[in-house]
Amino acid sequence: MNHESARSGTAIHTEVSSAAKKRVIFCDFDGTITENDNIIAIIKHFNPQGWGTLVKDTIEQRMSIQQGVGDLFRLLPASMKEEVIRFSISNAVIRDGFQELLDYCHEEEIEFFVTSGGIDFFVYPLLQPFGIPQDHIYCNRADFTGERIEILWPHSCDEHCPNGGCGMCKTAVIRRYPAESYERILIGDSITDFEGAKLADQVYSRSHLTLKCRELDLPHHEFATFHGVVASLKERQHSKKEGI
Ligand SMILES: [Mg+2]
Ligand SMILES: [Zn+2]
């Protein structure tokens, strides 16, 4: 739907006021929609030699996410496909309030995207009950046809990304929704969200992302469940309408 059409035939301005901007949400998956990080859970569970250093180097940003995650999965033989898929799906827990957030987005016509640094074989099955259109879910893919599990990156960084090794580049997705017309809201918890958070108008954060937002002085709202996110979204919308 064209949001301009709702503005009673007045002249179309290139910049809309903040109250008229259409909200769009970019929501992380691992550690955000699910309570824990599924990649870390998989690698801890199957415990291949050498994973600890790779995780540490990635989290401490000495290694790009794309490199780190790619190297981690290459530690596992592709023959473990069924076990890895079964474990990741049975292990994950969806955070409280996720359906309420989706319902609120539906009512308010907020576009909702899952922007995940996770992998298709657990992201799609775990989201399946929620009916999110496939083209609103961005994640990486796994190839089990070789000797080792190989991660594929269908949404890697474009030339505008300052990071360059995101794997699934959240900034590339966010930049398709220009700040002049959209209020860009990011929900996340960790390193895959750092670059996107710098672009967003509002950040809902947990864990490492909260610390990063404090460090960079980015506006953010800490959350524990999606019920809290919905309450805050409602409150912000109310304040905007009141012109506060
Ligand atoms: Mg995460
Ligand atoms: Zn990127």
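**Helix α10 and the fold around it**

Modeller: Start at the end of a helix. α10 is followed by Gly243, whose phi is positive, near 70 degrees. Keep in mind that this is a predicted model.

Biologist: What is the span of helix α10, and what is expected at 1.5 Å a residue?

Modeller: α10 covers residues 226-242, 17 residues in total. From first C-alpha to last it reaches 24 Å, close to the expected 24 Å.

Biologist: Which residues of α10 are buried?

Modeller: Phe226, Val229 and Leu233. A residue is called buried if 20 or more other C-beta atoms lie within 10 Å of its own.

Biologist: How do you know that the buried residues line one face of the helix?

Modeller: Look down the axis of α10. The buried residues fall within an arc of 45 degrees, so they line one face. An α-helix has 3.6 residues a turn, so residues three or four places apart point the same way.

Biologist: What covers the buried residues of α10?

Modeller: The cover includes α5 (98-108), β5 (182-188) and β6 (202-205).

Biologist: Which exposed residues sit on the face turned away from the buried side of α10?

Modeller: Lys234, Glu235, His238, Ser239 and Glu242. Exposed calls for 12 or fewer such neighbours.

Biologist: Now the whole protein. How many helices and strands does it have?

Modeller: The protein has 10 helices and seven strands.

Biologist: Why is the protein called as compact as a globular protein of its length?

Modeller: Its radius of gyration is 19 Å.

Biologist: What share of the 244 residues is buried?

Modeller: Buried residues make up 36%.

Technical notes. Residues numbered from 1 in each chain as written. Chains lettered and ligands numbered in written order. Predicted model: local features only at pLDDT ≥ 70, side-chain atom pairs only at ≥ 80, totals over all residues. Helix = DSSP H or I, 4+ residues; strand = E, 2+ residues; numbered from the N terminus. Rg over C-alpha atoms; globule rule 2.2 N^0.38 Å. Expected span 1.5 Å × (residues − 1). Arc of directions from axis to C-beta. Contact = placed C-beta atoms within 7 Å.
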